[in-house]
Each structure stands twice: as structure tokens, then as C-alpha cells.
Amino acid sequence: MSSPPLSPAVASAAAASRQALRVLAGLAEALGMPGTVVTAALAEAQAALEEAEAAQAGLEAALVAAKAAEAAMATPTPGLDAESLYRMLAVASDASAKELEQELRRNRRRRWGLRLVRTITLVLMLLCVPLLSLDVVREALGVTQESHLVPSLATVAVLCQVALWGTETSERHLATAASHQRHQANRYRRLARDAAAAAAATTEATKAIADANVTLGMLEEVTGHLRTLVDAVTQDLEMGQGFPASARALGDAVVALGTAMGAKEGTERLARALEALPGDG
């Protein structure tokens with residue numbers, strides 16, 4: 001029989017995985033609808049993501065306890081501990097992803113500030129050009145008709161635009177790198193679970209742990225794609241130019257979940273939602 005803490009954690013994780021897949025499909029379908037529907041679906045997805053992450057943490061803790069109980073009765077074998085090695089690599093990948101995500105948030109704040117400065121500069125230019133053409137205004141300000149104020153403002157606006165292009169490029173690279181590190185961490189955790197399963201004896205307790213690992217792996221997969229789509233939709237809503245990043249994230253989810261889960265209702269809904277998106281991504 002499986003240990004008491006493991007069974008409810010597996011049930012909770014399985015329910016969270018189904019809910020996350022349902023919400024993932026709902027968010028994908030909402031992309032072709034009015035903005036208020038997208039916002040509501042995004043809020044529901046963020047709530048479901050928090051629940052899924054809590055269920056994932058609970059199952060991981062229950063698995064640690066179950067493995068500790070099993071290890072206490074097992075005979076240790078000499079050699080390289082592959083599971084520990086993979087878990088250390090997963091921790092390192094998670095840390096790298098967090099650093100990249102922090103830099104991504106800083107980059108977004110810088111982009112917001114540059115947009116603000118550029119807008120203010122353009123407004124000042126629009127005001128200064130007609131005003132400085134008036135003699136009375138130039139006399140009041142103490143400037144000549146050959147004042148360098150407008151060219152200086154134009155220079156600032158151009159510099160802000162160039163910097164904005166740089167931050168947009170940086171954001172794409174940072175988002176790609178962070179997503180890669182997250183997927184690497186999931187891959188290392190999956191390899192760690194595979195190594196642990198291969199080294200464990202085929203007992204009833206080990207079967208329960210193996211089943212829990214499968215459930216955890218599926219939850220991690222669905223949660224990872226839900227997190228990626230939530231971030232992509234948030235980014236696209238900020239940019240206000242359609243849903244190109246969301247379409248890419250949705251395409252990745254359709255391929256990955258279709259391979260991992262096969263033809264299920266949730267994955268089929270994702271595929272239909274991707275086909276229904278306008279071809280602007």
C-alpha cells in the first residue's frame with residue numbers, strides 16, 4: 001500500500017493537472033475573443049497556475065518523504081548517485097531561470113521608462129515647433145530662432161527609440177533563455193526520477209512512487225506550458241499588437257502535450273484554438 005501522505009498528494013496533483021489543462025485550453029480559446037474575455041481567462045489561468053504549483057510542491061514533498069521511508073529499508077549500492085546529480089542540475093537551472101526572469105522584469109521597467117520619456121519628448125517637440133516660430137515667445141524665453149532646443153529634443157526621441165528597440169530584442173532573448181532553463185530544469189527532474197525508478201526495487205511502495213512520479217511529470221508539463229502561455233498573453237496584452245508570442249507558446253504546448261498525452265479532449269481543444277488564431281503571429 002502507498003504511504004498515507006502520498007495518496008492524497010497524488011490525487012490532488014492529478015486534479016490540478018486536469019484543471020490546469022482545462023484552463024490552458026480556455027485561455028487559448030479566449031485569444032480569438034474580445035479583450036474582456038481574454039482578461040477574465042487570464043485571471044482564471046493565473047489562479048489555476050497558483051493552485052497547480054501548490055499541488056506540485058505538495059506532491060514533491062510527499063515523494064521525498066516516501067522515498068526517504070523506502071531508502072531506510074533499502075540496501076545502499078555503491079557508485080554514482082545519478083538522481084542527486086540530476087537534482088543538483090535542476091536546482092542550478094531553476095536558479096538561472098529565476099535570475100533571467102528578474103532581469104526580464106527589470107528590462108520591462110526600463111522599457112516603460114523609455115516609452116514615457118519618448119512620449120514626453122515628442123509632445124514637447126509638437127509644442128515647441130509652433131511656439132518658437134513666434135517672436136514674442138522667443139523673446140520671453142530668451143532664445144533665438146536658431147535655438148537648438150527642437151533638434152536636441154529630436155535627438156532624445158531618436159535615442160529613446162533606439163534604446164526601446166534594444167530592450168525589445170533583449171526581452172525576446174531573455175524570455176527564450178528563461179523558458180529554456182525552465183524546460184532544462186524539468187528535464188533534469190524527469191531524468192532524476194527515471195534514475196531513481198531504475199535503481200529502486202520493484203515493490204508495491206516503489207510502484208506507488210513510480211505512479212506518483214508519472215503524475216508529477218504530467219503536472220509539471222502542463223503547469224510549465226500554462227505558465228509560459230500566461231506570460232506570453234501578458235506580454236502580448238502589454239504590446240497591444242495581437243498575440244504573436246501567445247501563438248508561439250500555444251504551438252509549443254500543442255506539440256509537447258500532444259506527444260505526452262496523446263489525443264485527449266484538452267489537447268484537441270488546444271489544437272483547435274491554435275488553428276482558430278489569426279495568422280499574425
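Student: This being a predicted model, how many aromatic pairs does the count come to?
Tutor: Rings of Phe, Tyr and Trp are taken as a pair if their centres lie within 6.5 Å. Applied to this predicted model, that rule gives a count of one aromatic pair.

Student: Is the pair of Tyr86 and Tyr188 stacked or edge-to-face?
Tutor: The ring centres of Tyr86 and Tyr188 are 6.5 Å apart, with 20 degrees between the planes. Planes under 30 degrees apart count as stacked, so the pair formed by Tyr86 and Tyr188 is stacked.

Student: How many residues apart in sequence are the parts that this pair ties together?
Tutor: Tyr86 belongs to helix H3, residues 82-132, whereas Tyr188 belongs to helix H5, residues 149-199. The pair therefore links parts of the chain whose separation in sequence is 102 residues.

Student: Which residue makes a polar contact with the side chain of Glu220?
Tutor: Glu220 lies in helix H6, which spans residues 204-239, and its relative accessibility of 4% means that Glu220 counts as buried. Beyond the residues up to four places away in sequence, Glu220 touches Gln56, Glu60, Asn186, Arg189 and Arg193. Among these, the side chain that makes a polar contact with that of Glu220, at 3.4 Å, is the one of Arg189.

Student: Which elements give two or more residues to the largest nonpolar core?
Tutor: The largest nonpolar core has 46 residues, of which Leu6, Leu27, Leu59, Val233 and Leu270 touch the most other members. The elements that give two or more residues to this core are helix H1 (6-30), helix H2 (35-73), H6, H7 and helix H8 (265-276).

Student: Which residues is Leu27 in contact with, leaving aside its neighbours within four places in sequence?
Tutor: Leu27 is one of the core residues that touch the most other members. With those sequence neighbours set aside, its contacts are Val38, Ala41, Leu42, Ala45, Leu229, Val230 and Val233.

Student: How far apart in space are Ser246 and Asp231, C-alpha to C-alpha?
Tutor: Ser246 is found in helix H7, residues 244-261, and counts as buried because its relative accessibility is 0%. Leaving aside neighbours within four places in sequence, Ser246 is in contact with Leu31, Leu229, Ala232, Val233 and Asp236. Ser246 and Asp231 are separated by 15 residues in sequence, and their C-alpha to C-alpha distance is 8.4 Å.

Methods:
Residues are numbered from 1 along each chain as its sequence is written. This is a predicted model: local features need pLDDT of at least 70, side-chain atom pairs count only at pLDDT 80 or more; totals for chains, interfaces and linings use all residues. Side-chain values use heavy atoms; hydrogens and water are left out. Helices (H or I, at least four residues) and strands (E, at least two) are DSSP runs, numbered from the N terminus. Buried means under 20% relative accessible area, exposed over 50%, partly exposed in between (1.4 Å probe, protein chains only). A polar contact is a pair of N or O atoms within 3.5 Å; within protein, one must be able to donate a hydrogen and the other to accept it, and residues adjacent in sequence count only if both atoms are side-chain atoms. Contact means heavy atoms within 4.5 Å. A nonpolar core is a set of buried Ala, Val, Leu, Ile, Met, Phe, Trp, Tyr and Cys residues joined through side-chain atoms within 4.5 Å. Rings of Phe, Tyr and Trp (its six-membered ring) pair if their centres lie within 6.5 Å; planes under 30 degrees apart count as stacked, over 60 as edge-to-face and the rest as tilted.
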